[in-house]
Amino acid sequence: MTHWLIAPVLVPAILGPLMILWMRHDLLQQRVFGVIGSLLTLVVAIKLNVMAAGGEVFVYRLGNWPAPFGIVLMLDRLAALMLILTAILAVIVQLYGIGSGWDRKGWHFHSLWLFQLMGLNGAFLTGDAFNLFVFFEVLLIASYGLMIHGGGPMRLRAGVQYISYNLAGSALFLAALGTLYSVTGTLNMADMAERVAMMPAEDTAILRTGAVLLMLVFAIKAAIVPLHFWLPSTYANAPGPVAALFAIMSKVGVYAIIRFFTLVFPSDTIVETIATDLLLPAALITLTLGQLGVLGTRSLTRLAAYAAIASIGTLMISVAHFDAEGLTAGLYYMLHSTLAGAALFLTVDLIAARRGGDFWLRLRPAIRNTGLVSALFFATAIAVVGLPPLSGFLGKLMILDATGDDPWMAGIWATILITSLISLVGFGRAGSILFWKSHELDPEPGNDTDEDKRPEPGPIPTKLETDEPIQDVDDSAAPWLAFLAVGGLLAGSVVMTVFAGPLSEYLQQTADQLTRPALYYESVLQQQEGTR
Amino acid sequence: MELLVATAIGACMAAGIYLILRLRTFAVVLGMTMITYAINAFLFVTGRLVVNLPPILREHGEHAAYTDPLPQALVLTAIVISFGMTAVVVMMALGAFIESGDDRINMPQDDRVMPPLRTIDDKPEDETA
């Protein structure tokens, strides 16, 4: 039994509290150790990917108790993929948080960041349903802190809505777990899968109720219509880098749906095609509503939030089939949409910071670095809408290809293609208001768009002041780092396009592994040498 | 006994759902607490209701009677987590009340309606960049 599996949870769990205890007043140390923590999880994630690439399912038994009784962590290719995606996103967006000065605007940004990573990594690795609930709570409680980072009445009010919605979701999660436990008598996912498969058909009413309850919980996390209402306000009011990290949070819901409905309730068992029947229409509506939101909104941050909802819709259309082809396309689009969605939130933050915090879509005088920012917005919009040459295009193409033999094929293709056009128009409108028309306005008198009159940014103090005001772009620590971070996310999209062939082969093998649940029972329940 | 417990859970849940649909944060927090009670009791019941039996297997064998200990452990975890979460939501609600002056749960008008340019420039501390 290898101990590497626990490392992605342990590293942030150790570093986070140490940062609060020892360096709570020293921002420089927090930055250094925060980035080191994220980089360490990245290194471990790479190591775990190398391990998992062989196709074996690794199991880590906490306390070395045998499987259905003790809690297990489970590493397969999907978990490893999610770990590395999380780590890459976390490192890049954390650098943006440093470069833009966001981490100075409140307390404990980097500790909360590590706690968030701990919850995310744990949720991806765990093989126990109740442990999944616990890690969900860990990542949620860190996200509550991050979401209201920087304070302000609007953010706090949005935070109250977010936390209330998610508390209700957690209650539902417990109800679902209780229901499933009462019929299967186990909480270990692989064990539960085996018992579900052996259950006589006439006894499954409660089981199916539990499965649908569980799907509702994960649909809340993934923000699938009609359970998406928490997302627009939360993402629009969260600080830019936090919203970018939240791009992976909604993917946790998708991950959990994939995990449960391929392993525990695969479509050939008694639960049948209940998941596809419910998720596919919901995904189509999610996509349509998200893209209409992109077109209809008058706020830049909400534009990014609705784009996030739309990307979940596209993703779920493919995943809802739960076959190898659909999962492959879905996983590719999940990687793409996480990177592109995060890049969009960061670009929006760059723009809003340069407009004095005005995130409404309206004419303002030309902003500083307008050339570079508009180029980033253009590239990000291409990635999010799904135009060539970036990976969004390939992702949508793969999804269209995977749904080609579906009975709903005409509806799916029409929805994806028409809504892509809608979002293209939405992004075009936003871009032309922000950059094109605004360019024609004269700079407002007194507005310091003039490079010469701008005060020289002094050295950034490394200690936090208690009453420090919220800063604007003038005191950002290193604007180049912020630009570099957005560029890094877009570079990820370019890499995904260039290496689309090998990557989709790898994802194909991941999807194949997911469609063979027998492998999981064998690894978790049968090979248990050396346990107590 | 099942009927009694089920009725109590149902009543608690109904009260909680009514309360979280209110428009003030205080009622919502209370509603959350009610729902948490209902869910905790429900989790406890998932191990089946039995009276006067130990949560351990005392005599090994097919007919050894015991009450399922696992849901009790789950309930403990759930109680601790929900207690912490309630504390967090109270703090956030308090923060929102102090910062914005009222405890409505809905977002204020500024979240949906574009404010005129002037007010934004006058009050840069309200920005949500």
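Helices here are DSSP runs of H or I of at least four residues, numbered from the N terminus. The model is predicted, and local features are given only at pLDDT of at least 70, side-chain atom pairs count only at pLDDT 80 or more, and totals for chains, interfaces and linings use all residues. Residues are numbered from 1 along each chain as its sequence is written, while chains are lettered from A and ligands numbered from 1 in the order in which they are written.

**View 1. Helix 1 and helix 4 of chain A pack with a left-handed crossing.** The axes of helix 1 (residues 7-22) and helix 4 (residues 109-125) of chain A come within 8 Å and cross at roughly 160°, so the two helices are roughly antiparallel, a term for angles over 145 degrees. Residues that make the contact (C-beta atoms, placed from the backbone, within 7 Å) include Pro8(A), Pro12(A) and Met19(A) of helix 1 and Leu114(A), Met118(A) and Leu125(A) of helix 4. The residues of this contact divide into 12 nonpolar, five polar and no charged, where Ala, Val, Leu, Ile, Met, Phe, Trp, Tyr, Cys and Pro count as nonpolar, Asp, Glu, Lys and Arg as charged, and the others, Gly among them, as polar.

**View 2. Chain B meets chain A through 37 residues of chain B and 40 residues of chain A.** Helix 2 (25-45), helix 3 (69-100) and helix 4 (117-122) of chain B each supply at least two residues of the side that touches chain A, and helix 3 of chain B gives the most, with 14 residues. This side of chain B comprises 23 nonpolar, seven polar and seven charged residues.

**View 3. Helix 6 of chain A (residues 153-184) is mostly covered.** Of its 32 residues, 28 are buried, that is, each has 20 or more other C-beta atoms within 10 Å of its own, with C-beta atoms placed from the backbone. Helix 6 of chain A is followed by Gly185(A), whose phi is positive, near 75°.

**View 4. Phe322(A) has a positive phi of about 55° although it is not a glycine.** Phe322(A) lies in the loop between helix 12 (300-319) and helix 13 (324-354) of chain A, and counts as buried because 22 C-beta neighbours fall inside 10 Å.

Key: Axes are lines fitted to C-alpha atoms, for helices over the stretch in contact, and angles run from 0 to 180 degrees between N-to-C directions. Angles under 35 degrees count as roughly parallel, over 145 as roughly antiparallel, 65 to 115 as roughly perpendicular and the rest as oblique. A crossing is left-handed if the near helix is turned anticlockwise from the far one by less than a right angle, and right-handed if clockwise. Two residues are in contact if their C-beta atoms, placed from the backbone, lie within 7 Å. The expected span of a helix is 1.5 Å times one less than its number of residues. A residue is buried if 20 or more other C-beta atoms lie within 10 Å of its own, exposed if 12 or fewer, and partly exposed in between; C-beta atoms are placed from the backbone.
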